[in-house]
Amino acid sequence: MPHVSGFLAPVPEEKKDAYIASAKKFWPLFKEYGAISMTECWEATVPDGEVTSFPLAVKREPNEKVVFSWILWPDEETAGKCWAAMETDSRFQESMDMPFDGKRMVWGGFNTIFEGT
């Protein structure tokens, strides 16, 4: 089953266009390394929580929106090779000017255990 790289990030509202441009710049690289698809989602209905929530996870500040995104890979090995290549492929390094605070980004890799269609 596929592997998913998932991300949450707090993005300043005024940097939405820059975020979209950054995602569009990264997609061809991910695709070249074997990604099946990439999805970027901008906060619409994301309530604050008392114990846990998307805003709490990224320490969202005023005038920021939470971005929820994922990359679908054929398997964990393919994803791992891409992430390792980020250290050596200069094209990734040239694209690393992220329009958000990367220290507050939450990310992880997940193996699919069920798919409903």
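Predicted model: local features only at pLDDT ≥ 70, side-chain atom pairs only at ≥ 80, totals over all residues.
Biologist: Why is Thr45 called exposed?

Modeller: The cut-off for exposed is over 50% relative accessible area. Thr45 has 71% relative accessibility, so Thr45 counts as exposed.

Biologist: Where is Thr45 found?

Modeller: Thr45 sits in the loop between strand 2 and helix 2 (54-57). Its C-alpha atom is separated from that of Val66 by 9.9 Å. Thr45 and Val66 are 21 residues apart along the chain.

Biologist: Why does Thr78 count as buried?

Modeller: Buried means under 20% relative accessible area. Thr78 comes out at 18% relative accessibility, so Thr78 counts as buried. Thr78 belongs to helix 3.

Biologist: Which residues does Thr78 touch, not counting those up to four places away in sequence?

Modeller: On that count, Thr78 touches Tyr33, Gly34 and Trp73.

Biologist: Trp73 then. Why is Trp73 called buried?

Modeller: The limit is again under 20%. Trp73 has a relative accessible area of 0%, so Trp73 is buried. Phe30 has 6% relative accessibility and therefore counts as buried.

Biologist: What makes the pair of Phe30 and Trp73 edge-to-face?

Modeller: A ring pair needs centres within 6.5 Å, and edge-to-face needs planes over 60 degrees apart. The ring centres of Phe30 and Trp73 are 6.3 Å apart and the planes stand at 85°, so the pair is edge-to-face. The pair links distant parts of the chain.

Biologist: Why are Phe26 and Phe30 separated by about one helical turn?

Modeller: Because Phe26 and Phe30 are 4 residues apart in helix 1.

Biologist: How many aromatic pairs are there?

Modeller: The count comes to 8 aromatic pairs. Ring pairs link Phe7, Phe26, Phe30, Trp73 and Trp83 into a cluster.

Biologist: What makes a set of residues a nonpolar core?

Modeller: The members are buried, and side-chain atoms within 4.5 Å join them. The largest nonpolar core has 11 residues, among them Phe7, Phe26, Phe30, Trp73 and Phe92. Helix 1, strand 3 and helix 3 (76-85) each supply at least two residues of this core. Helix 1 gives the most, with 3 residues.

Biologist: What does Phe92 touch, leaving out residues up to four places away in sequence?

Modeller: Phe92 touches Phe26, Leu29, Phe30, Tyr33, Cys82, Ala85 and Met86. There is also a second, separate core of 5 residues, including Ala9, Tyr19, Val67 and Phe100.

Biologist: Now the largest pocket. How many residues line the largest pocket, and which lie nearest its centre?

Modeller: The lining has 24 residues. Phe7, Phe30, Trp83, Met86 and Met105 lie nearest the centre. About 520 Å³ of space lies in the largest pocket.

Biologist: How do the lining residues divide into nonpolar, polar and charged?

Modeller: There are 19 nonpolar, 3 polar and 2 charged residues in the lining.

Biologist: Which element gives the most to the lining of the largest pocket?

Modeller: Helix 1, with 5 residues. Strand 1 (3-12), helix 1 (16-32), strand 2 (37-42) and strand 3 (64-73) each supply at least two residues of the lining.

Note on methods
Residues numbered from 1 in each chain as written. Heavy atoms only, no water. 1 Å grid on protein atoms, 1.4 Å probe; cavity = no way out; pocket = protein on both sides within 12 Å on 5 of 7 lines; lining within 4 Å. Points joined across faces, edges and corners; volume = space filled by probe spheres on them. Nonpolar A, V, L, I, M, F, W, Y, C, P; charged D, E, K, R; others polar. Buried < 20%, exposed > 50% of the residue type's maximum accessible area, 1.4 Å probe, protein only. Contact = heavy atoms within 4.5 Å. Phe/Tyr/Trp six-rings, centres within 6.5 Å; stacked < 30°, edge-to-face > 60°.
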